[in-house]
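Subject: Structure handover

Hello,

Here is the structure for you to look through. My notes follow below it.

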Amino acid sequence: MARIVVIGAGTSGHATALGLRHRLDGEHQVIVISPDSLWVNPDCLPHIAAGLQASVHETVPLGSLYRRKGIIFHQALARVIYPQGLRDDSRPQVEIQFTGSPLSGEIARVPYDFLVVATGHDMNRVAGLPTEGATVASCVIDRLDSAIAGEAELRRLASEIQDSPLGDSPRVIAVGRAARGMGGYYGALEYALAVDGVLRAEGLRNRVQIHFFDAGRPWLYTLNENPEMEQAARQAIEKLLHRYRIVLHRGKRLSNVNGNRLRYVSADGEGSPEEITCQLLAVEASRVLTPLEVKNPEGQDISGQLYDRWGRFKVDARLQENSRGEPEAVLPQTFRNPSFPRIFGIGSAIALDAVCPGKSVAKAAASGGTAALADLGTGSLGAISVDDSAESRLRDLAPEPSQTRDMSHLMSREVTDQIVGELTDEERKDPPERLDEIESVLSLEWDYTLFSRRGFYAEIGLTKSKENPRQVLLVRNGLFAYWSVRIERFLERYRAQGHPLWWLLPS
């Protein structure tokens with residue numbers, strides 16, 4: 001009998017647990033550890049915050065689902081990993097603290113044979129805006145509780161506008177991000193478009209200004225530098241914002257709030273701060289990863305064997321030089337930790353987007369000393385011999401981890417295949433898919449009517465040609481894009497609920 005422990009019940013961890021339980025005999029145990037009792041569809045949080053979707057439709061209670069599926073569920077916070085066991089128990093194990101049961105607050109240890117780390121972002125520690133006696137209503141789009149509260153604030157503002165004279169100054173809704181390099185699923189952009197639709201439906205759009213701050217982050221993340229594609233993606237979305245009269249502050253990030261005055265600055269730090277007065281502020285917060293403590297049997301810290309300095313889980317990802325002598329990402333293939341092969345890292349925990357942004361990192365490293373650039377990639381930052389200022393520049397240049405939802409099911413399936421293969425000697429029928437062959441998609445839809453032309457779909461992929469692989473960009477807007485995204489999000493909920501045949505659906 002094997003015990004497979006999955007830490008995290010988000011998009012990646014939840015799919016992995018369901019897949020393992022479906023494919024393994026009952027003699028093997030699948031255990032999920034998560035501090036929350038619900039699975040939340042992250043793509044629909046902007047819709048919840050705008051009042052276009054009820055939260056009950058985008059959440060799945062984990063306890064009852066796991067009981068039906070035969071999965072052991074501990075609603076608990078994982079605290080420490082002991083990959084080499086303890087002095088009195090040599091089995092690898094995870095220390096947990098229960099959060100949602102009569103055992104709340106108590107400590108326990110869960111032994112494992114395989115461990116899947118899918119902790120992702122710590123939504124209880126998202127980095128928000130510094131405030132100084134702020135009076136403006138605010139909403140953190142990434143969190144379910146804040147999104148629900150934000151929907152109430154939006155309704156309150158709409159009622160206030162309806163009761164005010166027509167000649168009043170337009171109300172201002174500010175939407176954006178506070179940190180450059182922040183990844184995510186573009187919730188702030190989708191929220192802005194969703195609010196536009198809500199206000200139009202209520203006849204209030206002409207009395208509200210919507211301002212969007214992009215924090216200088218490229219709209220679509222590319223594995224390799226491609227200025228032409230980046231520009232095409234920017235133009236497509238800027239055209240979309242212009243169509244719906246959303247004011248774009250390109251290259252600006254939110255800085256702080258004082259009273260109802262919102263200050264914003266250039267994402268690159270140049271120029272003087274600017275201010276606007278707003279009545280509602282919605283922020284897609286800078287996410288914080290959740291690296292766990294890692295200790296040896298003597299209680300000494302060995303976190304460096306599992307995590308890099310940015311808190312990303314180390315897997316078999318690296319940088320190598322291309323034919324032009326520039327660093328190029330090699331994405332992970334097995335998701336195994338190099339030090340402990342029976343520990344896997346998937347989802348946002350490994351930060352697939354944190355690759356070297358061209359020559360700039362190499363230059364920053366060179367200006368401060370020598371760096372092991374081959375280890376600066378997606379999952380592993382090796383020993384770097386640079387002074388503090390050079391390391392700070394490297395940290396600034398490396399993007400903060402983004403959600404890897406587009407690849408979550410692929411990563412889940414790959415890890416599931418490897419664990420099942422080791423436990424059953426089952427021979428793989430299909431070769432493993434490569435992450436650099438999967439498409440990266442930004443898809444937006446913000447209307448729940450049956451027919452809508454307000455959908456947007458942008459896709460980056462690599463051609464399959466071995467002789468001349470290149471990136472391609474496809475942008476679609478209208479009814480086809482709307483239904484493509486709507487079906488995709490329906491399938492996401494269908495998978496999460498573990499319905500029959502969910503494993504046959506395309507990822």
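Which helices each supply at least two residues of the lining of the second largest cavity? They are helix H1 (11-23) and helix H10 (479-496). Helices (H or I, at least four residues) and strands (E, at least two) are DSSP runs, numbered from the N terminus.

Two notes on the source. This is a predicted model, where local features need pLDDT of at least 70, side-chain atom pairs count only at pLDDT 80 or more, and totals for chains, interfaces and linings use all residues. Residues are numbered from 1 along each chain as its sequence is written, and side-chain values use heavy atoms, without hydrogens and water.

**The cavity**

A cavity is a set of points on a 1 Å grid over the protein atoms alone where a 1.4 Å probe fits but cannot get out; lining residues have an atom within 4 Å of a point. H1 gives the most to its lining, with four residues. The lining includes His14, Trp39, Glu492 and Arg495.

**The sheet**

Four strands form an open sheet in the order E9-E14-E15-E16, with mixed pairing. Strands E9 (131-132) and E16 (274-277) stand at the edges with a single partner strand each, so one side of each lacks a neighbour in the sheet. Strands pair if DSSP finds at least two bridges between them. E14 (residues 252-258) and E15 run antiparallel, joined by six bridges. Lys252 stands opposite Ser266 in E15. Two residues separate E14 and E15 in a hairpin, and Gly259 in the turn has a positive phi of about 65 degrees. Four bridges join E15 (residues 261-266) to E16, also antiparallel. There, Tyr264 has Glu274 as its bridge partner.

Best wishes

Note on methods. 1 Å grid on protein atoms, 1.4 Å probe; cavity = no way out; pocket = protein on both sides within 12 Å on 5 of 7 lines; lining within 4 Å.
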